[in-house]
Amino acid sequence: NRFTEHLPLMGMEEEGEWVEKGSWITYSIQERSWPFRLVLGGLAVFLAAILYSFLHSHPQEVSILDTPYNLLGPSLNDYHQGVNLGGWMVMESWLFPNIPLAHAGRKGLAENQEWNYIDRMRRLNIDAVLSMHTLWNTFIVHNILEATDPGERLRSLQKHGITHIRIPVGHWIVEAPSEIPAQYTLDPGETVTYRSKGYTKDGFVTGGIVYLEALLRMMKKMGIKTVIDMHALPGGQVKKMGYTGKWFETAEFFDGADVWYKDGNPCSSPTK
């Protein structure tokens, strides 16, 4: 008993013989004896039984979005389903293709960071404080400071089983302004804090913390947890890389780390 199979040209095998036929080859194989076929059939039945048992003891859900918890059985009921809220508290130009000023730099990422966007607006006499606060107040929910309804976007996340939201923030979110434009001058007796509107000493807009707090309150009511990601550190935590608020040729955040480490206090922080 012999049979033939047509296979793509692959090379020689230990058994059988190749007969060239154009770009294909005919491989003649000696058919295996009946004991071999019996063992092979039994193995196939055994594997099918195992698969059937697994499928019935671990029911698969139709949609990962609708029911994210039972996909691999009860042991993963606590698995976290998360999404990232990029571009909100740390503006990244590639997420805003329709804002020309966010892409006006000729050197790509090196000149198209959030700091550059703010600087261009200021040089053009555009109210950069108003612009950034408008972004923060409308990016997720329209007028998030006064909204009582989470809106369609957040309800959609909840509907699809999202349990966690990651929010990248920059260090300026907890910095008080060193410069306050006239239109944002505080009333007599008010204290300048990181909630005040203005510019930090290195040119970022302050006051974004109030919008983050508004979202956290909304997330709490919805039962969604939040991971705060310190995405941009002062001086830059990575060199020649975008998406940290400002382009840095060196990772200046770590300057002097060896000195702090040697002072005997493992909890040392920068002296400046």
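**Entry 1: a salt bridge to start with**

I began with Arg-155 and Asp-149, whose side chains meet in a salt bridge at 2.5 Å, N to O, where a salt bridge is a side-chain nitrogen of Lys or Arg within 4 Å of a carboxyl oxygen of Asp or Glu. I noted that this is a predicted model, in which local features need pLDDT of at least 70 and side-chain atom pairs count only at pLDDT 80 or more, while totals for chains, interfaces and linings use all residues. I also noted that residues are numbered from 1 along each chain as its sequence is written, and that side-chain values use heavy atoms, with hydrogens and water left out.

Next I looked up how covered the two partners are, taking buried as under 20% relative accessible area, exposed as over 50% and partly exposed as in between (1.4 Å probe, protein chains only). Arg-155 counts as partly exposed because its relative accessibility is 38%, and Asp-149 is partly exposed too, with a relative accessible area of 41%.

**Entry 2: the whole protein**

I then stepped back to the secondary structure, which comes to 6 helices and 6 strands; helices (H or I, at least four residues) and strands (E, at least two) are DSSP runs, numbered from the N terminus. From the N terminus on, I read the order of elements as β-β-β-α-β-α-α-α-β-α-β-α. Of the 272 residues in the protein, 32% are buried.

**Entry 3**

His-164 stands opposite Lys-225 in E6, and Gly-170 has Ala-232 as its bridge partner in E6. Strand E4 (residues 82-84) is also parallel to E5 and is joined to it by 3 bridges, and here Asn-84 has Arg-166 as its bridge partner in E5. I wrote down that 6 of the 7 residues of E5 are buried, so this strand is largely enclosed by the rest of the structure.

Which two residues link E5 and E6 through their side chains? Asp-229 forms a salt bridge with Arg-166, the closest N and O atoms being 2.7 Å apart. This pair links distant parts of the chain, since Asp-229 lies in strand E6 and Arg-166 in strand E5, 63 residues apart. Asp-229 counts as buried because its relative accessibility is 15%, whereas Arg-166, at 32%, counts as partly exposed.

**Entry 4: helix H2**

In helix H2 (residues 114-123) I listed the buried residues, among them Tyr-117, Ile-118 and Met-121. What covers the buried residues of H2 includes helix H3 (128-138). I also looked at Asp-119 and Arg-123, whose side chains meet in a salt bridge at 3.0 Å, N to O. Both lie in H2, 4 residues apart, which is about one turn of the helix. An α-helix has 3.6 residues a turn, so residues three or four places apart point the same way. Asp-119 is partly exposed at 25% relative accessibility, while Arg-123 is exposed, with a relative accessible area of 60%. After H2 comes Asn-125, whose phi is positive, near 60 degrees.

**Entry 5: a loop residue**

I ended with Phe-254, which lies in the loop between E6 and helix H6 (257-261). Buried, exposed or partly exposed, which is Phe-254? At 45% relative accessibility, Phe-254 counts as partly exposed. The C-alpha atoms of Phe-254 and Gly-235 are separated by 8.2 Å, and the two residues are 19 residues apart along the chain.

Terms used: Two strands pair if DSSP finds at least two bridges between them. Contact means heavy atoms within 4.5 Å.
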